[in-house]
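I opened my notebook to look up some charged pairs. Here is the structure I worked from.

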Amino acid sequence: MNVFPKDFLWGGALAACQAEGAYLQEGSGMAVSDISFFDPKLDREDLSKHRHVTTQNIEVAMADPGTTRYPKRHGIDFYHRYREDIALCAEMGFKVFRFSIKWSRVFPTGEEAEPNPEALAFYDRVLTEIEHHGMTPLVTISHFEMPLALVNRYNGWADRRVIDLFYRYADSLFEHFGQRVPYWISFNEINAGRFSTFKSTGVVEDKSDNYLQACYQAVHHQFVAAAKITKRLHEVNPKAQMGCMIARFTTYAATSKPEDVLQMMHDDQYDNFFYTDVMVRGAYPGYMGRFFREHHVEIVWGDEDETLLKQYPADYLAFSYYVSNVSSAAPDDLDVTDSNLKQTLKNPYLESSAWRWQIDPKGLRYTLNNLYDRYQIPLFIVENGLGAEDSVSEDGQIIDTYRIDYLQRHIEQMKEAIIDGVDLIGYTTWSSLDVVSSGTSEMSKRYGFIYVDLDDEGQGTLKRIRKASFYWYRQVIASNGEDLAFREAAALKR
């Protein structure tokens, strides 16, 4: 029996802010991603400083026109090499290609009356190339690249006026591409608004009188914006689907002590379910009322917000899954390790990557069952992968068996979840090609099936090289997930 549905959407993903480059070219404006700096003295034991941005950081970045210190400004030059890159993904057999559109390319300051025609022309060419190769496009509307001008003027999403500016942006995408894109995602990892606040919402702590209030108010505005654009998408194309997306922080209790189990419940509610409860169920959950009271947060609601959230929920639930987390009522007694978007307590039963992200394939099966039991709507894994340092051998080979092993074990658990009864519609790995790291802006942390010859200082030929995982994933897709074996001879084909 073939476990995966015959129309299962196998593919890969990338983001404009990490791949496109073409900084300020053809009318593009500065984005929040353009101030993400690379620290050559990067300390893997403490990556938290990359998540904290001040007004001074912004001013320094705006005064520096270069790209060396700010690698997301050059990316991997997808802007000029998209045809080659999309063709390589098609060679792997991708059924779906996930990419994002850069808001500050389409509306450079976010406040223009009309979209940048050169930006629309570029994304039209990207979609045409995807269609030419028979792939389905999956488009993320906001993936950590809001216009920096909206940060400087409004403190990002903390200001309600940004809702209408975002609606204008999304509406222009639907008007131009709405009949061509069947799957959309409103906000990438929307719960990053609490953990990597600046790149997700544009809120700057030193510009906020009550930072926690500003964070949750910004997320509320994103909830409302997501509902408004879902309504608009369904008007433009009733067959198109809008998904919500979180970074899934699967968490386990450190012990069976009731205090730890309660902490696990709270962490799951505050870090995960708050966002999906609102965007899927259409209402704020009761547990957040207590949280807001105890933390002196009072959400300011608009007259139509409650109705919008209720009437226009997400059509499917998308999420990224890289690691699992540990919860404890006494966290100071346990070791800390890094994770996607935040730090977490270390699980002694799991191995870790070079970046101290703990590897937990079985946690993916648990996650899929957990989410599907709660919501009973289709699920879509839109990010899953291993960041690692790849090396090119003298004969030009990249034998990334560690990546194959990681993905192999996670796909096995996806199969188990489908047998469990989960409705899983697709899987786009992170990432299709090596891209600039979202968290640390380095190239050394590579995720792709395709190696990009570029180093942390922005030096290299940009040549694309197929890794062993490229050939392995092609085999996985061709067999619809049934043949997961690694055959080195096949992986070294030219």
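Is Lys228 buried, partly exposed or exposed? I found that Lys228 is partly exposed, at 23% relative accessibility. My cut-offs are under 20% relative accessible area for buried, over 50% for exposed, and partly exposed in between (1.4 Å probe, protein chains only).

A note on what I'm looking at: this is a predicted model, where local features need pLDDT of at least 70, side-chain atom pairs count only at pLDDT 80 or more, and totals for chains, interfaces and linings use all residues. Residues are numbered from 1 along each chain as its sequence is written, and side-chain values use heavy atoms, with hydrogens and water left out.

Next, salt bridges (a side-chain nitrogen of Lys or Arg within 4 Å of a carboxyl oxygen of Asp or Glu). I got 34 of these salt bridges in the structure.

Lys228 has one with Asp164, with the closest N and O atoms 3.3 Å apart. Lys228 sits in helix α10 (residues 211-236) and Asp164 in helix α7 (residues 161-177), so this pair ties together parts 64 residues apart in sequence. Helices here are DSSP runs (H or I, at least four residues), numbered from the N terminus. Asp164 is partly exposed too, at 47%.

Then I checked Arg281 and Asp277, which form a salt bridge at 3.6 Å, N to O. They are four residues apart in helix α11 (residues 258-281), so about one helical turn separates them. Asp277 is buried at 1%, while Arg281 is partly exposed at 49%.

Last entry: I found a network of salt bridges linking Asp390, Asp400, Arg403, Asp434, Arg446 and Lys467.

Methods. Helices (H or I, at least four residues) and strands (E, at least two) are DSSP runs, numbered from the N terminus.
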